Amino acid sequence: MPFLSIKPFCFLHTHLIRYYRNHTPLNFNLKFNFTTASSMATIEEQVSKRLWARSQSESIGSLYTPFVVSLASGNLKVETFRHYIAQDVHFLKCFAQAYELAEECADDDDAKVSISELRQSVLQELEMHGSFCLEWGFDASKETLPNSATIKYTDFLLATASGKIGGLKSPETVTTPYEKTKVAAYTICAMVPCMRLYAFIGKKLESLVDINGNHHPYKKWIDNYSCDAFQAAALQSENLLDKLSVTLTGVELDILQKLYQQAMKLEMEFFLAQPIDQQTVVPLSKEHNRVTIFSDFDLTCTVVDSCTVFADIAMATSPTPAQAQPENQSQITKMRLTKLKNTWEALVKQYAEEYEHLMETMLVNQKGEKFDYEGLRKALEQLSDFEKRANSRVTESKILKGLNLDDIKHAGQHLVLQDGCMDFFRSVMKDQNLNASVHVVSYCWCGDLIRSTFESGGIHNLELHANEFIYEGLLSTGEIIKKVESPLDKLHVFNDVLKEHDQCDQTNITIYIGDSIGDLLCLVEADIGIVIGSSSSLRKVGGYFGVSFMPLWLGLVMKQREHVEGSGFSWNRRSGVVFTVSSWDEIRCLIVGC
């Protein structure tokens, strides 16, 4: 494959150095389950922080619901907001009751005081809702019955607070301090997600009030959940949970995890249950009857660049001097390994040096004040030539010769993907209303690796545009059938597919998902270009030619705010705006919904 960026090859260089310093072959463990500093830090985190981190999918899902996006934009219909307030009144009354039950179970005086304070904040929240009702002249509790999502949520909360979870006794029969604390911990755990989620959404919406000034119709609601007092209350509830869970066992902590996730799911369902009688920008499947999705593979879908996979295969399948063999044969094997090492390192070094020089020559002219498509394309033409030269050096070196097709497929089956990536592709493929065409466009040297990766996840019908190994039997010859080597090659694939679909359906919307400089042309050509990850070189080159990077959720809120009912949502190609996301969950919510 072409050397996508300097980052993966620095990684490969480190990978190889570690191998030869140990004088033993790399473990042929292609799952790449590396222990990182961040994962070690997670072990030390407080229970509340860990549970919130594990609920990213639900928190993002709630943020991307049509209700929250429309509320954030300021054009949510008043009737919908009234209905929401009425449902929330029913919920908050239950919330206050659950706090009361938790306070009865708490054995610690400080915990009782904290729970009492949190209950008072809920009562104040109910007063705020009452002021909304007075402004609009209706009685929420009388005019609107709780819907099924509200009932499901309140039933769950009261059942937990009553000890009807995990085989616990009811509070009336709980006698020991430990049993009481456990019931209180479970109850608070079922309530913390609501507090943390609203604090999270409140802060997200707070900056949007500044955009609209004091004219945002729901400013009072946003102010309440973004204010310091509510943020402090959310933190107080988390600290309380941490304190109550200190003595819990592993099994009991697992119950906390289940309760927390269930509460998060119910919260998202609560938002989704609000009746939206208006056009909304999310999900795309609601407004567009055809979607064409393009995605890069390396470091967009995967955790590591696939070049490291081929390095692992080459190292793991080469005999080592330590294996039993005649002395002269052992010496020959050692020479082969040394040559393999030297060849990889030479390729890496040359790529790194030439890449650095290329970056300097690409950005020699004055930085543009606005989006300069032609300038960007000319710069990436240089990158295209550079990548093809690097590919030629790889094939000429024969470094890929002798790799076994079965090993490649095995590697693909165990390749670790970004969180939510496989779920995204499955959901898109299964959504019959979406009518999606899915294309993976990759520089990867070997399409068999990509096919085996997706097939292992049950995905068989996506279109793959990538290079291919040439084999003699099951062994690679070291030659590559070169199909997609450069940014221009990716753009040609994109345009060819687009011409075919545009002829069939003028309402087709195109989405391109990538992570590197090689994806830039396709990102700006698509109706919606999405960058996943945080490539500094991508932002540097894109910014130099006037490309703007905007968080996807913010872009959707702005699009919803500008929307005129009945006109449809329009997306402009070559606008120079590319959207950014932190996870595949955001992209799934955009296209198929939460």
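**View 1. Ser116 in helix 7.** Ser116 is found in helix 7, residues 109-136 (helices are DSSP runs of H or I with at least four residues, strands are runs of E with at least two, both numbered from the N terminus). The model is a predicted one, in which local features need pLDDT of at least 70, side-chain atom pairs count only at pLDDT 80 or more, and totals for chains, interfaces and linings use all residues. Residues are numbered from 1 along each chain as its sequence is written, and side-chain values use heavy atoms, with hydrogens and water left out. Ser116 has a relative accessible area of 28%, so it is partly exposed (buried is under 20% relative accessible area, exposed over 50%, partly exposed in between; 1.4 Å probe, protein chains only). Ala96 lies 20 residues from Ser116 in sequence, and their C-alpha atoms are 9.6 Å apart.

**View 2. Gln87 in helix 6.** Helix 6 spans residues 78-105 and holds Gln87. Gln87 is buried, at 0% relative accessibility. Its contacts (heavy atoms within 4.5 Å) include Thr144, Pro146, Phe270 and Gln274, leaving aside residues up to four places away in sequence.

View 3. All five residues of strand 1, 291-295, are buried, so the strand is largely enclosed by the rest of the structure. Val291, Ile293 and Ser295 point one way; Thr292 and Phe294 point the other. In a regular strand, side chains alternate between the two faces of the sheet. Strand 1 pairs in the parallel sense with strand 2 (residues 436-441) over five bridges, where pairing takes at least two DSSP bridges. Ile293 stands opposite Val438 there. Strand 6 (residues 509-514) also pairs with strand 1 in the parallel sense, over five bridges. Here Val291 faces Ile509.

View 4. Rings of Phe, Tyr and Trp (its six-membered ring) pair if their centres lie within 6.5 Å; planes under 30 degrees apart are stacked, over 60 edge-to-face, the rest tilted. The count comes to 35 aromatic pairs. Trp52 and Phe200 have ring centres 5.6 Å apart and planes at 65°, so they are edge-to-face. Trp52 sits in helix 3 (residues 47-53) and Phe200 in helix 10 (residues 177-212), 148 residues apart. Tyr198 and Trp221 form a tilted pair, 6.1 Å centre to centre with 55° between the planes. Both are buried.

**View 5. Lysines over rings.** The charged end of Lys490 sits over the ring of Tyr443, 4.5 Å from its centre (NZ of Lys or CZ of Arg within 6 Å of the ring centre and within 35 degrees of the ring normal). Lys559 has its charged end over the ring of Trp571, 4.5 Å from the centre.
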